[in-house]
Amino acid sequence: RQKYQKWDCVLRHFTIYCKGKCTFGDLTVDFCKGFRNYLLTAQRQRNNGKGPISHNSAAGYWSTFRCLLKMAYKEKYITENVNDFLEGIKWQEVKKEYLTLDEMKILDAAECEVPVLKRASMFGLFTGLRLSDLLQLRWENIERSPDGGYCIRLCTEKTDTEATLPVSDEALKYCGERGEGLIFRGFRRSMAQQPFKK
């Protein structure tokens, strides 16, 4: 269920593209190419639908859709491997923005009505962990490292690769007192919208 969000987005866009009606027989090369073209100009379906989706979102949705086609062919829902005739959408390099140390200090000093949001956000800034990884971070992911400090061991959701990251004492203070289970209990993805903006 954790990975359904992108599939839900793809389904929402596909439903718009095919006007809510599609059979497996409709999944021809031309029909699928049309969906690819649709994604490259599609409007956002969330946040009041203002503006087009990003190029990399289109690439991700297209990749997910092609994965579905591959599964449909493998499970014999479609008789032709349509993927062989479809071109991918290349990912674009994205310039990552970051906060300066002074900006981080201002953020740390700012009031926040949702303590777990502040703790998770600050920890994310110190470690570089993505929102999806902060949501699933557990105490057992934080271990003693050979040098006597601490490190985080986890399988990142986005890349599905295992990573070991050193973590500073300064970052660890945002985790609170060591316990069991989730570190940021009560932290939800929706908090990254209105509460975080405020």
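User: Where is the place of Leu99 in the protein?
Analyst: This is a predicted model. Leaving aside neighbours within four places in sequence, Leu99 is in contact with Met104, Leu107 and Leu125. As for its own position, Leu99 sits in the loop between helix 3 and helix 4.

User: Does Leu99 count as buried, partly exposed or exposed, and why?
Analyst: Buried means under 20% relative accessible area and exposed means over 50%, with partly exposed in between. The relative accessibility of Leu99 is 36%, so Leu99 counts as partly exposed.

User: What distance separates the C-alpha atoms of Leu99 and Gly149?
Analyst: Along the chain, Leu99 and Gly149 are 50 residues apart.

User: In what order do the elements of the protein run from the N terminus on?
Analyst: The protein has eight helices and three strands. Read from the N terminus, the order is α-α-α-α-α-α-β-β-β-α-α.

User: What radius of gyration does the protein have?
Analyst: The C-alpha trace spans about 60 × 40 × 30 Å along its principal axes. For a compact globule of 198 residues the radius of gyration would be near 16 Å. The protein has 21 Å.

User: Which residues does Trp62 touch, not counting residues up to four places away in sequence?
Analyst: Trp62 belongs to the largest nonpolar core, where it is among the residues that touch the most other members. In soluble globular proteins, nonpolar side chains tend to be buried together. Not counting residues up to four places away, Trp62 touches Cys32, Phe35, Arg36, Leu39, Leu86, Glu87, Gly88 and Ile89.

User: How many residues make up the other core, the one with Leu117, Ala120, Val167 and Tyr174 among them?
Analyst: This core lies apart from the largest nonpolar core, which has 24 residues. The number of residues in the other core is 21.

User: Is Val167 buried or exposed, and why?
Analyst: The place of Val167 is in strand 3. Not counting residues up to four places away in sequence, Val167 touches Phe123, Thr127, Tyr150, Cys151, Ile152 and Leu172. Its relative accessibility is 8%, and under 20% means buried. Val167 is therefore buried.

User: How far apart in space are Val167 and Ile106, C-alpha to C-alpha?
Analyst: In sequence, Val167 and Ile106 are 61 residues apart. From C-alpha to C-alpha, the separation in space is 21 Å.

User: Why does Ala163 count as buried?
Analyst: Ala163 is found in strand 3, which covers residues 162–167. The cut-off for buried is under 20% relative accessible area. Ala163 counts as buried because its relative accessible area is 18%.

User: What is the separation of the C-alpha atoms of Ser57 and Leu40?
Analyst: Ser57 is in helix 3 and is partly exposed, with a relative accessible area of 26%. Along the chain, Ser57 and Leu40 are 17 residues apart. Their C-alpha atoms are separated by 9.1 Å.

User: What is the phi of Lys19?
Analyst: Lys19 lies in the loop between helix 1 (4–17) and helix 2 (29–41). At 72% relative accessibility, Lys19 is exposed. Although Lys19 is not a glycine, its phi is positive, at about 55°.

User: Is Lys76 buried or exposed, and why?
Analyst: Lys76 is in the loop between helix 3 (55–74) and helix 4 (101–109). Phi of Lys76 is positive, near 65°, in a residue other than glycine. The relative accessible area of Lys76 is 70%, so Lys76 is exposed.

User: How far apart do the centres of the positive and negative side chains lie?
Analyst: The protein has 33 positive and 25 negative side chains. The centres of the two sets lie apart by 6 Å.

User: What percentage of the accessible surface belongs to carbon and sulfur atoms?
Analyst: Buried residues make up 33% of the 198 residues. The accessible surface of the protein comes to about 13,600 Å². The part belonging to carbon and sulfur atoms is 52%.

Notes:
Residues are numbered from 1 along each chain as its sequence is written. This is a predicted model: local features need pLDDT of at least 70, side-chain atom pairs count only at pLDDT 80 or more; totals for chains, interfaces and linings use all residues. Side-chain values use heavy atoms; hydrogens and water are left out. Helices (H or I, at least four residues) and strands (E, at least two) are DSSP runs, numbered from the N terminus. The radius of gyration is taken over C-alpha atoms; the globule rule is 2.2 Å times the number of residues to the power 0.38. Buried means under 20% relative accessible area, exposed over 50%, partly exposed in between (1.4 Å probe, protein chains only). Accessible areas come from the Shrake-Rupley method with a 1.4 Å probe; for residues, only the protein chains shown count as cover. Lys and Arg count as positive and Asp and Glu as negative; His and the chain ends are not counted. The place of a charge is taken as NZ of Lys, CZ of Arg, CG of Asp or CD of Glu. A nonpolar core is a set of buried Ala, Val, Leu, Ile, Met, Phe, Trp, Tyr and Cys residues joined through side-chain atoms within 4.5 Å. Contact means heavy atoms within 4.5 Å.
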